[in-house]
Amino acid sequence: MSEHPEHPDRRHHYTEDEVAREVTELEGKSATAARIFDLRRIIGGLFVLYGVIVTITGITDSQAAIDKAQGVNINLWTGIGMLLLGIFFLAWLKLRPTPPPLPPAGLPEETRGD
């Protein structure tokens, strides 16, 4: 099969500059995707969200629900714990962000961006 089905006789040969530019673009997109889908962001966000919900539930619990848990407002304490864990993950993400990927070893020095 050819590279361009509409022009089977014509093949495009990429220059080194075009290949280097394409590699740089893909590396930038990859680094952005890695930062967006960092597990610390997902875990921290979910724990904060669920922590807020469980904390509100604990604040609004009736005395009967507290008595059922032997006098401990378990929803309130669990919600606060979840909030603290979620804030820890988000702070960890903020204090130690994902490092940018290292440039490939095969590229010439002038295309690495150093």
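Which pattern does the protein chain follow when read along the sequence? The answer is α-α-α-α. Good morning, colleagues.

I begin with the chain as a whole. Its secondary structure amounts to four helices and zero strands. The chain has 114 residues, of which 14% count as buried. As for contacts, consider those with a separation of 6 or more: residues 24 or more positions apart account for 68% of them.

Which residues form a nonpolar patch on the surface? They are F37, L39, I42, I43, L46, L49, Y50 and I53, and together they have about 770 Å² of accessible area. One of these residues, I53, has its place in helix α2, which covers residues 39-59. I53 has a relative accessible area of 46%, so this residue is classed as partly exposed rather than exposed, the latter requiring over 50%.

I turn next to charged side chains. Side chains of opposite charge can pair when their charged atoms come close. How many salt bridges does a search of the whole structure find? The search finds one. In this salt bridge the side chains of R40 and D38 meet, at 2.7 Å from N to O. Are R40 and D38 buried or exposed? Both R40 and D38 are buried.

R40 also leads us to the aromatic residues, for R40 lies over the face of W92, at 5.0 Å from the ring centre. W92 itself has a relative accessibility of 37% and therefore counts as partly exposed.

Now to the aromatic pairs, of which a search of the whole structure finds three. Among them is the pair of F88 and F89, which is edge-to-face, with 5.7 Å centre to centre and 75° between the planes. A further pair, F89 and W92, is tilted: here the distance is 5.9 Å centre to centre and the angle between the planes is 45°. F89 and W92 both lie in helix α4, three residues apart, which is about one turn of the helix. F88, F89 and W92 form one aromatic cluster.

My last point concerns the backbone. Most residues other than glycine have a negative phi. Which residue other than glycine has a positive phi near 60°? That residue is Q70. Q70 is found in the loop between α3, residues 63-68, and α4, residues 74-95. With a relative accessible area of 76%, Q70 is exposed, because the value lies over the 50% limit.

The predicted model has a chain of four helices and zero strands. R40 takes part in the salt bridge with D38 and also lies over the face of W92. W92 in turn belongs to the aromatic cluster with F88 and F89. Thank you for your attention.

How values were computed:
Residues are numbered from 1 along each chain as its sequence is written. This is a predicted model: local features need pLDDT of at least 70, side-chain atom pairs count only at pLDDT 80 or more; totals for chains, interfaces and linings use all residues. Side-chain values use heavy atoms; hydrogens and water are left out. A salt bridge is a side-chain nitrogen of Lys or Arg within 4 Å of a carboxyl oxygen of Asp or Glu. Buried means under 20% relative accessible area, exposed over 50%, partly exposed in between (1.4 Å probe, protein chains only). Helices (H or I, at least four residues) and strands (E, at least two) are DSSP runs, numbered from the N terminus. Contact means heavy atoms within 4.5 Å. Patches are made of residues with over 30% relative accessible area and no salt bridge: like charges are joined within 9 Å, nonpolar side chains (Val, Leu, Ile, Met, Phe, Trp, Tyr) within 5 Å. Accessible areas come from the Shrake-Rupley method with a 1.4 Å probe; for residues, only the protein chains shown count as cover. Rings of Phe, Tyr and Trp (its six-membered ring) pair if their centres lie within 6.5 Å; planes under 30 degrees apart count as stacked, over 60 as edge-to-face and the rest as tilted. A charge sits over a ring if NZ of Lys or CZ of Arg is within 6 Å of the ring centre and within 35 degrees of the ring normal.
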